[in-house]
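This report covers a ligand site and the residues around it. The sequence and model are shown first.

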Amino acid sequence: MEFNELEKVKESTLFGQVSALGHEQVVFCHDQATGLKAIIGIHNTVLGPALGGTRMWNYATENEALTDVLRLSRGMTYKAAITGLNIGGGKAVIIGDASTMKTEAFLRRFGKFIDSLGGKYWTAEDVNMKTRDMEFIGMETRYVTGLPQTMGGGGDPSPVTAYGTYLGMKATAKKVYGNDGLEGKKIGVQGVGQVGMYLVDHLTKEGAKVFITDISEEKLSAVAGETGAKVVGMEDIYDLDMDIYAPCALGATLNDDTISRLKCQIVAGAANNQLADEQKHGYMLMDKSITYAPDFLINAGGLINVYEEYLGDYSEKRTYTMAENIYSTCLEILNTAENDKTSSQEAAIKLAEKRIDDIGRLKLSR
Ligand code: NAD
């Protein structure tokens with residue numbers, strides 16, 4: 001069953017939802033004492049243990065949290081596969097308010113749940129989870145990455161994610177404009193959090209005209225002050241006269257409404273699951289002659305960073321060298337999509353699935 005069909009089975013049985021995207025295992029974690037409610041989604045472990053961050057979010061409903069973890073963990077499978085990493089796809093979500101609930105006991109209890117999976121799932125940071133939180137989780141399990149560099153970890157993966165996204169954007173510019181220079185290009189960045197702020201830094205340093213938006217006035221004024229980027233309203237970003245739109249907040253911002261408003265030639269950003277409906281909106285962008293850099297491909301820098309840590313003996317230099325491959329893979333995908341007359345998202349998924357199938361078969365043979 002395809003990703004976009006997940007919406008249709010939301011109302012169906014629990015196993016209906018879990019099987020919709022082909023998940024191996026979904027674990028519900030609950031602790032009365034700390035109020036912990038978390039879901040760990042293990043999508044595919046053909047290439048190796050499932051590795052993916054934990055997101056903490058005040059979901060309106062439990063079903064929303066389940067949908068999110070299912071979509072995100074599937075994305076991790078494809079991200080690892082297309083990046084050439086020997087790990088599978090997983091993700092965890094914690095339901096609740098990150099500003100009030102994240103006590104030491106809460107995080108360590110979550111760490112114990114991860115430990116109980118015996119290494120089938122490894123965690124890292126995602127939205128609302130910081131390096132310090134990984135330290136607490138790491139007190140209860142060794143299946144954790146994203147630890148500070150002082151503890152032998154790779155630290156915050158966001159700068160590497162931003163670097164990979166920047167390279168993916170440049171590769172897409174090369175495909176669309178014939179050269180990858182971003183100087184003078186008008187670029188709208190939605191979300192100047194951990195990744196967005198580093199991305200804006202790369203872009204302004206290259207001489208791009210950057211427009212930023214965020215819920216947080218504080219982050220906006222800090223980033224605008226440091227980089228000279230111009231602040232625009234949260235809704236105005238979609239109507240902006242821009243060359244490139246870079247979604248770096250939450251997912252599903254490419255939908256019927258927003259795509260019809262976009263006037264750019266390129267969409268290239270770090271947010272996961274940017275296409276509200278992978279099939280429909282991938283083709284809708286294509287019909288509007290907007291070239292889309294598949295999110296799970298160009299935002300893989302953070303995963304590369306935690307993968308390096310997972311392998312042991314973390315090296316920043318090796319991490320950045322590996323992240324540089326994003327440029328050539330992105331160009332390859334855009335060329336394949338053009339030749340096959342498919343959406344870039346579909347071309348990227350096909351390549352990822354091929355690697356999983358090929359390596360899966362290899363593992364079966366003796
Ligand atoms: P973050 O929470 O630090 O930043 C997200 C920012 O988006 C925040 O500043 C938030 O206020 C803002 N935001 C939320 N909703 C918004 C809206 N409607 N309009 C404008 N701004 C809005 O998270 P992050 O780590 O920077 O991650 C950003 C995205 O990139 C997420 O989708 C995440 O899953 C994805 N991603 C992050 C990494 C990483 O290394 N951190 C790796 C891969 C993918």
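## Asn272

Asn272 has a relative accessible area of 16% and is therefore buried (buried means under 20% relative accessible area, exposed over 50%, partly exposed in between, with a 1.4 Å probe and protein chains only). Its place is in the loop between β11 (266–267) and α11 (278–287); helices (H or I, at least four residues) and strands (E, at least two) are DSSP runs, numbered from the N terminus.

The side chain of Asn272 makes a polar contact of 3.1 Å with that of Lys79 and one of 3.0 Å with that of Asn299. A polar contact is a pair of N or O atoms within 3.5 Å; within protein, one must be able to donate a hydrogen and the other to accept it, and residues adjacent in sequence count only if both atoms are side-chain atoms. Leaving aside residues up to four places away in sequence, Asn272 touches Arg55, Leu72, Lys79, Lys91, Asp126, Gly251, Asp295 and Asn299 (contact means heavy atoms within 4.5 Å).

## Basis of the model

The model is predicted: local features need pLDDT of at least 70, side-chain atom pairs count only at pLDDT 80 or more, and totals for chains, interfaces and linings use all residues. Residues are numbered from 1 along each chain as its sequence is written, and side-chain values use heavy atoms, with hydrogens and water left out.

## Ligand site

The ligand is surrounded by 22 residues, the closest being Arg55, Thr161, Asp214, Ala249 and Asn272 (near means a heavy atom within 4 Å). The shell divides into 9 nonpolar, 8 polar and 5 charged residues.

Oxygen atoms of the ligand lie 2.6 Å from a polar side-chain atom of Asp214 and 2.8 Å from one of Asn272. On the side chain of Ser158, an N or O atom is 3.3 Å from a ligand nitrogen. Of the 820 Å² of accessible area that the ligand has on its own, the protein covers 86% (Shrake-Rupley method, 1.4 Å probe).

## Domains

The domain assignment gives domain 1 (12–79 + 87–144) and domain 2 (158–300 + 328–352), with bounds from an automatic or database assignment. Their centres, taken over C-alpha atoms, are 26 Å apart. In the contact between them, 12 residues of domain 1 meet 12 residues of domain 2. Each domain gives at least three residues to the shell around the ligand.

## Asp68

Asp68 is found in helix α3 (residues 62–83). Asp68 counts as buried because its relative accessibility is 16%. Apart from residues up to four places away in sequence, Asp68 touches Arg55, Tyr59 and Val93.

Notes: Nonpolar A, V, L, I, M, F, W, Y, C, P; charged D, E, K, R; others polar.
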